[in-house]
Amino acid sequence: MSELTEALLLHIHSRQLAGKATALATIISTKGSTPCKAGAKMLVFPDGGTYGTIGGGCAEAEVKMKALSVLDDGVACTISVWLLDDDAAQNGMVCGGTMNVFIQVV
């Protein structure tokens with residue numbers, strides 16, 4: 001088990017003991033160039049805080065917004081994030097790939 005994974009699990013455990021809601025976003029697949037690959041994880045908290053990363057930038061912001069929605073309704077989902085759009089290109093953050101991210105309340 002990597003240090004990040006162990007630390008992430010400890011973070012989840014401590015939040016569960018405290019009764020605090022947390023969403024876990026996990027990259028389940030990628031295609032093309034992406035900042036992180038399958039298995040990368042990020043925790044999202046109701047106040048918008050995060051722990052871990054799935055690559056940063058616009059893609060991570062998009063996943064974080066969806067994770068906040070998952071925290072509100074409690075329904076897990078998978079989203080596809082395209083790292084090809086014009087907005088990302090204008091910010092110099094085009095990786096050229098896509099990633100599928102599973103988001104669940106933990």
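T98 touches S29, T30, K31, T34, V81, W82 and L84, residues up to four places away in sequence being left out; contact here means heavy atoms within 4.5 Å. The model is a predicted one, in which local features need pLDDT of at least 70 and side-chain atom pairs count only at pLDDT 80 or more, whereas totals for chains, interfaces and linings use all residues. Residues are numbered from 1 along each chain as its sequence is written, and side-chain values use heavy atoms, with hydrogens and water left out.

T98 belongs to strand β5. Helices (H or I, at least four residues) and strands (E, at least two) are DSSP runs, numbered from the N terminus. Within β5, T98 is the bridge partner of W82. Strands β4 and β5 pair in the antiparallel sense over 6 bridges; two strands are taken to pair if DSSP finds at least two bridges between them. Strand β5 also runs antiparallel to β1, to which 8 bridges join it. In that pairing, L24 has Q104 of β5 as its bridge partner.

**Chain as a whole**

The secondary structure comprises 3 helices and 5 strands, arranged along the sequence in the pattern α-β-β-β-α-β-α-β. Of the 106 residues in the chain, 33% are buried; buried means under 20% relative accessible area, exposed over 50%, and partly exposed in between (1.4 Å probe, protein chains only). The chain exposes about 5900 Å², of which carbon and sulfur atoms supply 54%; these areas come from the Shrake-Rupley method with a 1.4 Å probe, and for residues only the protein chains shown count as cover. Among contacts in the chain with a separation of 6 or more, 49% are accounted for by residues 24 or more positions apart.

**Nonpolar cores**

A nonpolar core is a set of buried Ala, Val, Leu, Ile, Met, Phe, Trp, Tyr and Cys residues joined through side-chain atoms within 4.5 Å. The largest such core has 21 residues, and those with the most contacts inside it are I27, V63, I79, V81, M99, V101 and I103. Two or more residues each come from β1, β2 (41-44), α2 (57-73), β4 (77-82) and β5 (98-105). Helix α2 gives the most to this core, with 6 residues. V63 touches A25, M42, I54, I79, V81, V101 and I103, not counting residues up to four places away in sequence. Apart from this core lies another, of 5 residues, including L8, I12, L24 and L43.

T22 is found in the loop between α1 (3-17) and β1 (23-31). Its side chain makes a polar contact with the side chain of R15 at 2.6 Å. A polar contact is a pair of N or O atoms within 3.5 Å; within protein, one must be able to donate a hydrogen and the other to accept it, and residues adjacent in sequence count only if both atoms are side-chain atoms. Beyond its neighbours within four places in sequence, T22 is in contact with R15, L43, V44, F45, L71, Q104, V105 and V106.

L71 is found in helix α2. Leaving aside neighbours within four places in sequence, L71 is in contact with A21, T22, A23, V44, F45, P46 and V105. L71 and Q104 are 33 residues apart in sequence and 8.0 Å apart in space, C-alpha to C-alpha.

| Residue | Relative accessible area |
|---|---|
| T22 | 1%, buried |
| T98 | 16%, buried |
| L71 | 17%, buried |
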